[in-house]
Amino acid sequence: MENTVSHVATWVIAGLRHRSFGTLPELRGAIRERMDAYKREPFQKRAGSRLSVFETEEKALLRPLPSAPYEISRWIMGRRVHKNGHVVWEKNFYSVPYAQIGQGVDLRITSQVLEIYRNHERLTSHLVFGEHVVNEYRTNDADQPQGEKYREWDTVRIRAWADRVGPHMVTVVNRIFDSVPVEEQGFDPALAVLRLSRRYSSDRVEKACQIALDGRVRSPRYAHLQPILETGQDKKSTRRMPQFEPTEPETGGYVRGADYYAGGGAR
């Protein structure tokens, strides 16, 4: 094979060494002419030429190229499906059939497509978000549960938990659900803030929600509430200044009258 490449290069270059070309199309056309002549050149030790061998022996064995060009892919094994029915890749979320929630799946990623597999079976696929896109969702309708199917967590159960914590937590959870296009996308962030009540008291978490809601963030998340609790800001905001009971003016004792200050001096 290496000798053939060297022979072809010599045949083309040697045949064109005395010619000049002003454009690339002109050069390409001349190279094609030399290659056609090379294929038709008779063999020295056998009958026929390279072109005749191709036509009679090799051409019938060829198969069409694949309709899609080959793409290099990357495999990520054992990604867990979150409670919201999505897996995370490059800080974005891609839906998986809801029956796989809590299970491990494998991801096959190309330059444009992300495919999700379990036990070598492809479950679903998505277009990959661009390089600078973060915290976005790709959700296939077919991946979402249909009808009244049982789910470990749903909005009713999540909102009931928020109600047990307090009204400010209810507002936080409601705003989380209002901020996402698909209800299931709010499960993980809502549960994240609710689970703070397992580490801290409900009163403290409720106060942290109030502080966060009073700030500039419309839809507070775990990343806003956890630092408030970690640094004790909720405790500082509830601390009150000491109160002093008013006392009655003292009676008796030594009291100087008006005559003393009028210039009479001590008597």
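Analyst: The expected span of a helix is 1.5 Å times one less than its number of residues; helices (H or I, at least four residues) and strands (E, at least two) are DSSP runs numbered from the N terminus. The model is predicted, with local features requiring pLDDT of at least 70 and side-chain atom pairs pLDDT 80 or more, while totals for chains, interfaces and linings use all residues. Residues are numbered from 1 along each chain as its sequence is written, and side-chain values use heavy atoms, without hydrogens or water.

Helix 2 (residues 24-40) has 17 residues and should therefore span 24 Å, which agrees with the 25 Å between its end C-alpha atoms.

Strand 2 pairs with strand 3 (residues 92-95) in the antiparallel sense over 4 bridges, and His 86 stands opposite Ser 95.

The largest pocket (an open set of 1 Å grid points with protein on both sides within 12 Å along at least five of seven lines) holds about 280 Å³ of space, the volume filled by probe spheres set on the points. Its lining comprises 15 residues, those closest to the centre being Phe 93, Tyr 137, Asp 188, Pro 189 and Arg 221; lining residues have an atom within 4 Å of a point. Helix 6 (187-194) and helix 9 (222-230) each supply at least two lining residues, and helix 6 gives the most, with 3.

Key. Two strands pair if DSSP finds at least two bridges between them. On a 1 Å grid over the protein atoms alone, a cavity is a set of points where a 1.4 Å probe fits but cannot get out, and a pocket is an open set with protein on both sides within 12 Å along at least five of seven lines; lining residues have an atom within 4 Å of a point.
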